[in-house]
Amino acid sequence: MKTRLGRALLLVLAAATLAACGSQPADTTRRDGPAVASDHPVVGQRWNLLLVGTDERLAMPSTPHFIVSPDGRVTGSDGCNTLNGRVQLDEGNRIQFSQLSTTRMACPQLDDARRVTGMMENAYRFLIDHDRLVFFGPDQRVLGGWRKAN
């Protein structure tokens, strides 16, 4: 009797495990059409780095910046290297950068350049106040600020 019960439990456990493994992942394919609204206030503007964190200014060979196009692509510079990737802008001021890549030029401020791309990779939400764009992490901590270049 114990053997039958043990086998039955083992079969139920194995079936549950296989069912979990066989489930389909969420559909992450890109939909047809623009990835972000072309009239979104982040799109089409050049955003220059203002601060890292709440008050740290970086002295870089060139000004770190980025531009978001309506197709969801992001281009710019981390202050040393050219950067490219994707961005998704969702309701609730949610922002998510993905597939960020940079060229690999050496510069004395490479650690600061990595901080810039790290800020973008960790951005979770944003706030726009006049000509300023502020990134927040998932813990609502300020990651840094950008200013419209116009």
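Visitor: Which residues does a network of salt bridges link with Asp 112?
Guide: This is a predicted model, and the pairs are computed from its atoms. A salt bridge needs a side-chain nitrogen of Lys or Arg within 4 Å of a carboxyl oxygen of Asp or Glu. The network that holds Asp 112 also holds Glu 56 and Arg 115.

Visitor: How many salt bridges does the structure hold?
Guide: That network is one part of the picture, linking Glu 56, Asp 112 and Arg 115. Another salt bridge pairs Arg 141 with Asp 139, with 3.5 Å between the closest N and O atoms. For the structure, the count of salt bridges is seven.

Visitor: Is Asp 139 buried or exposed?
Guide: The cut-off for exposed is a relative accessible area over 50%. Asp 139 has 52%, so the residue is exposed.

Visitor: How does Arg 147 count by relative accessibility, and which class do Asp 131 and Arg 132 fall in?
Guide: Asp 131 has 30% relative accessibility, and Arg 132 has 36%. Arg 147 has 31%. Values between under 20% (buried) and over 50% (exposed) form the class in between, so Asp 131, Arg 132 and Arg 147 each count as partly exposed.

Visitor: What is the nearest side chain of opposite charge to Arg 94?
Guide: Arg 94 is found in strand S5. Arg 94 touches several residues beyond four places away in sequence, among them Gln 88, Tyr 124 and Phe 126. Arg 94 is buried yet has no salt bridge, and the nearest side chain of opposite charge is 5.3 Å away. That side chain belongs to Asp 90.

Visitor: Which element gives the most to the largest nonpolar core?
Guide: The largest nonpolar core has 27 residues, and those with the most contacts inside it are Phe 66, Phe 97, Phe 135 and Trp 146. Elements giving two or more residues to this core include strand S1 (46-52), strand S4 (82-90) and helix H2 (110-122). With four residues, the element that gives the most is H2.

Visitor: Which core residues with the most contacts does Phe 66 touch?
Guide: The contacts of Phe 66 leave out residues up to four places away in sequence. Among them are Val 42, Trp 47, Met 120 and Leu 133.

Visitor: Which cysteine does the disulfide join to Cys 80?
Guide: The count comes to one disulfide. Its S to S distance is 1.8 Å, and the link is right-handed, with 70 degrees about the S-S bond. Cys 80 sits in the loop between strand S3 (73-77) and S4, and its partner, 27 residues apart, sits in the loop between S5 and H2. That partner is Cys 107.

Methods. Residues numbered from 1 in each chain as written. Predicted model: local features only at pLDDT ≥ 70, side-chain atom pairs only at ≥ 80, totals over all residues. Heavy atoms only, no water. Buried < 20%, exposed > 50% of the residue type's maximum accessible area, 1.4 Å probe, protein only. Core = buried A, V, L, I, M, F, W, Y, C linked by side-chain atoms within 4.5 Å. Contact = heavy atoms within 4.5 Å. Lys, Arg positive; Asp, Glu negative; His and termini not counted. Disulfide = S-S within 2.5 Å.
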